[in-house]
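Please read the numbered points alongside the structure.

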Amino acid sequence: MQKVKCVVSDICGENGYVVWKDGSSECVIIDPGFSTDRFLEFLAEENLTQVAAILCTHGHADHVGGILGLRKAFPDVPIVIGKKDADKLTDSKKNLAHHFGIHLVLPHADVKIAEAESELEYAGMRLKVWQTPGHSAGHVIYALQPEEDGGQLLVFCGDVIFYGSIGRSDFFDGNPVTLENSIRNVIYALPDDSILYSGHGPATSVGQERRTNPYVMG
């Protein structure tokens with residue numbers, strides 16, 4: 001059984017996620033916000049002693065601010081991000097940290113996702129990755145593949161779409177038309193029962209948003 005824990009950061013109320021297989025000591029962390037201690041406390045509680053990868057949907061500070069703390073605890077953990085967002089990790093202006101009065105320079109990415117659609121495997125779990133630009137140029141989403149036929153996709157969609165809302169597109173490399181296309185052509189192309197774990201706010205589903213999201217109707 002694949003398990004998901006949402007860890008909410010104090011800054012911007014950002015949702016980071018710990019994902020692991022029941023009974024395993026290995027996990028992945030998706031979009032670690034600034035509240036690193038909460039991640040480390042949860043890992044200790046669940047006896048998760050190895051982080052196989054840090055997966056970033058995009059490079060904005062509220063989604064990557066915990067990388068330094070996690071790298072201190074797990075020095076060899078690879079950092080994965082979309083190729084067009086990789087430079088945000090090392091640039092405080094591009095990752096928007098300067099808006100918070102923070103100088104945030106992080107390690108370079110180990111894996112830069114360039115393909116429109118690709119697959120990864122970490123901690124014994126298979127993840128499908130799609131490029132979903134619009135909120136940022138290199139935004140990607142990660143879909144945890146079900147372990148058995150008929151299982152639900154668990155989609156970590158960053159700041160593309162939220163419960164009843166969508167991501168901002170007014171940052172320097174955002175684009176509202178591109179964002180809408182990402183939602184229509186990628187998010188809404190997934191099965192209706194796919195769970196959407198967003199970067200802010202509660203989880204929702206593809207079908208719920210396709211039917212009711214006032215910003216992009218399916």
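1. The count comes to four aromatic pairs, where rings of Phe, Tyr and Trp (its six-membered ring) pair if their centres lie within 6.5 Å, and planes under 30 degrees apart count as stacked, over 60 as edge-to-face and the rest as tilted. This is a predicted model, in which local features need pLDDT of at least 70 and side-chain atom pairs count only at pLDDT 80 or more, while totals for chains, interfaces and linings use all residues. Residues are numbered from 1 along each chain as its sequence is written, and side-chain values use heavy atoms, with hydrogens and water left out.

2. The W20 and F42 rings are edge-to-face, because their centres are 5.5 Å apart and their planes stand at 65°. W20 belongs to strand β2 (residues 15–21) and F42 to helix α1 (residues 36–45), so the pair ties together parts 22 residues apart in sequence. Helices (H or I, at least four residues) and strands (E, at least two) are DSSP runs, numbered from the N terminus.

3. W20 counts as buried at 4% relative accessibility, and F42 is buried at 9%; buried means under 20% relative accessible area, exposed over 50% and partly exposed in between (1.4 Å probe, protein chains only).

4. F156 and Y197 are stacked, at 5.2 Å centre to centre with 15° between the planes. F156 lies in strand β10 (residues 154–158) and Y197 in strand β13 (residues 195–198), so this pair ties together parts 41 residues apart in sequence.

5. Of the 218 residues of the protein chain, 54% count as buried.
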